[in-house]
Amino acid sequence: VYNGENNFPSKLLLYLAYQKPVISTLTEGLSLDYNDLLSFYDDKNMDSLILAINNINDQNRYSAIQKRIRDFNVNNTWEKKIGQLIKNLNIDLCQP
């Protein structure tokens, strides 16, 4: 994370490529694009982890999450992500 502004979630992209729901803690700098794809929990609160697990165990929620993940994967290939990363790096390097 660079100044809390950017976070390139390469591991999350790998997990999403398998089209499986992901439970994660909220990470500073993570794009809002991932909010509908992940189930977040507070790592200091066991009840929030249990709730996140129960949420993805619900068949209707599981199916809805899988559909959002499939749609995301179609529109967010590695080539597109690398291109965006290079663009962001060029912008950061060019700023005083």
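Is L14 buried, partly exposed or exposed? With a relative accessible area of 42%, L14 is partly exposed (buried means under 20% relative accessible area, exposed over 50%, partly exposed in between, with a 1.4 Å probe and protein chains only). The model is a predicted one, in which local features need pLDDT of at least 70 and side-chain atom pairs count only at pLDDT 80 or more, while totals for chains, interfaces and linings use all residues. Residues are numbered from 1 along each chain as its sequence is written, and side-chain values use heavy atoms, with hydrogens and water left out.

As for the overall layout, the chain has 4 helices and 2 strands, arranged α-β-β-α-α-α from the N terminus on (helices, H or I of at least four residues, and strands, E of at least two, are DSSP runs numbered from the N terminus). Of the 96 residues in the chain, 22% are buried. The accessible surface of the chain comes to about 7,000 Å², and carbon and sulfur atoms hold 53% of that (Shrake-Rupley method with a 1.4 Å probe; for residues, only the protein chains shown count as cover). Among contacts with a separation of 6 or more, 50% link residues 24 or more positions apart (contact means heavy atoms within 4.5 Å).

Back to L14, which is found in helix α1. Together with Y15 and Y18, L14 makes a nonpolar surface patch of about 340 Å² (patches take residues with over 30% relative accessible area and no salt bridge, joining like charges within 9 Å and nonpolar side chains, namely Val, Leu, Ile, Met, Phe, Trp and Tyr, within 5 Å). Helix α1 spans residues 10-17, and L12, L13 and L16 in it are buried. These three sit on the same side of α1 because they cover an arc of only 100° around the axis (the arc is that of the directions from the helix axis to the C-beta atoms). After α1 comes Q19, with a positive phi near 55°.

On the charged side, the structure holds 2 salt bridges (a side-chain nitrogen of Lys or Arg within 4 Å of a carboxyl oxygen of Asp or Glu). One pairs K67 with D71, whose closest N and O atoms are 2.8 Å apart. K67 and D71 lie 4 residues apart in helix α3 (residues 59-75), so about one helical turn separates them. K67 is partly exposed at 44% relative accessibility, and D71 is partly exposed at 37%. The other salt bridge joins K44 to D43, with the closest N and O atoms 3.7 Å apart. Here K44 is exposed, at a relative accessible area of 75%, and D43 is exposed at 53%.
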